[in-house]
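Biologist: Please take one part of this model and go through it closely for me, as one connected account, giving the cut-offs behind each term as you use it.

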Amino acid sequence: MELKVVKASVEKGEGLGWGKSLLVPSIQEILKNDSQSVPERYIQEPKDRPLISQNLFDSLQVPVIDFSMLAQKDANEIRKLDLACKEWGFFQIINHGVREETMVNMKAAMAAFFELPFQEKSKCAKAANEIQGYGQNFVVSEKQKLDWCDMMFLKTFPHETRNFKYWPLTLPGFKEAVEEYSTEIRKVSNKIDANLSVLMGMDENGLKRKLGEFQQGIRMNYYPTCSRPDLVLGISPHSDGSLFTLLLQDDEINGLQIKHKKVWIDAKPIRNSLVVNIGDAIEILSNGMYKSIEHRAISNEKKPRMSIATFVMPGDEVQIGPLDSMVNGKHLPRSYRNIKYIDYIRQKFAMKMQGKAHTAIVKL
């Protein structure tokens with residue numbers, strides 16, 4: 001059987017970029033040849049395998065925040081947000097203002113891309129020294145276990161960071177759907193940023209003054225069905241290197257799990273909601289008050305699943321470290337060192353996804 005590998009070139013003039021990743025086969029293409037077998041490299045070690053049959057903590061639910069109430073500065077909703085960030089590191093937002101049509105179009109554009117023939121998708125293959133494009137990231141060893149997922153990552157803001165070489169521009173409606181969705185999500189992220197600024201002892205513009213213009217990137221995840229979902233992981237446990245991440249889930253299929261008090265909890269989809277999680281950068285800036293949380297994705301036997309993660313990040317050259325408002329001498333000593341964001345993100349991409357290992361880089 002011929003394995004169809006996403007072939008990457010070296011992007012000239014790009015320098016080090018954010019990182020690089022080894023080439024791996026497309027799991028979507030592997031399944032076209034054999035939908036019943038699970039290749040050895042995708043079979044997780046017994047200790048890492050998910051428990052698919054039952055969730056003993058099914059009654060637990062990720063906190064839900066009514067975004068329209070936050071906009072009205074409702075004190076109760078602000079308290080709920082604070083507790084969600086402290087105790088969960090995850091929450092779902094409803095009434096966020098992104099039109100349903102915009103979300104439907106974004107999902108349709110992503111689905112259309114992954115339905116393209118492999119040769120067409122490969123025209124958007126990521127360069128060896130670049131994380132944008134179609135392929136896979138965080139593959140740093142020929143021996144590491146692989147995720148049951150194909151993905152596409154695109155930078156969307158600022159506009160000058162976009163590289164249309166990696167966009168399927170001949171796919172009708174794709175560019176327009178991504179542009180509209182990323183613009184609408186940016187409005188939501190600005191409001192989240194303003195609320196987090198206030199919760200961390202600043203005014204609404206505090207984080208923007210500290211960090212400047214934020215970057216935005218979108219990762220589109222395609223999780224094929226799997227004959228043995230109990231053996232594989234859609235995405236390995238990890239925390240995000242972002243300030244925070246906004247996830248558009250499949251409305252019908254569970255797949256995202258978060259680690260809450262040492263157990264894995266399903267983040268059950270709520271139609272037209274967005275899942276928000278705290279990233280490593282906010283953990284560092286908040287001096288650990290708000291922690292980025294391990295999460296993973298599982299697969300299923302019945303239906304492919306897709307999700308769209310939007311990462312909100314500081315600029316590459318920005319120094320991140322605990323905010324003055326989050327450090328208080330003996331009572332709340334500094335727990336993290338300062339680091340330039342590009343240095344942090346390069347160290348992150350140089351490692352495989354492995355839980356919270358990345359934040360240990362900057363802990364004092």
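Modeller: Two strands count as paired if DSSP finds at least two bridges between them, and strands (E, at least two residues) and helices (H or I, at least four) are DSSP runs numbered from the N terminus. The model is predicted, with local features needing pLDDT of at least 70 and side-chain atom pairs pLDDT 80 or more, while totals for chains, interfaces and linings use all residues. Residues are numbered from 1 along each chain as its sequence is written, and side-chain values use heavy atoms, leaving out hydrogens and water.

The part I would take is the open sheet of eight strands, whose order is S1-S2-S10-S7-S12-S5-S4-S3 and whose pairing is mixed. At its edges are strand S1 (64–66) and strand S3 (133–135), each of which pairs on one side only. Neighbouring strands are turned by 25° against each other on average, direction ignored, with axes fitted to C-alpha atoms (for helices over the stretch in contact) and angles running from 0 to 180 degrees between N-to-C directions. Strand S2 (residues 90–94) runs antiparallel to S10, to which four bridges join it, and in this pair Phe 91 stands opposite Val 276 of S10. Helix H3 (residues 75–87) packs on the sheet by touching S1, S2 and S10, and its direction makes about 150° with that of S1; contact here means heavy atoms within 4.5 Å.

A cavity is a set of points on a 1 Å grid, over the protein atoms alone, where a 1.4 Å probe fits but cannot get out, and lining residues have an atom within 4 Å of a point. The largest cavity holds about 420 Å³ of space, its volume being that filled by probe spheres set on points joined across faces, edges and corners. Of its 34 lining residues, Arg 219, His 238, Asp 240, Ala 309 and Phe 311 are the closest to the centre. S12 gives the most to this lining, with five residues.

The end C-alpha atoms of residues 213–314 lie 7 Å apart, and the span is 6% helix and 43% strand.

Methods. 1 Å grid on protein atoms, 1.4 Å probe; cavity = no way out; pocket = protein on both sides within 12 Å on 5 of 7 lines; lining within 4 Å.
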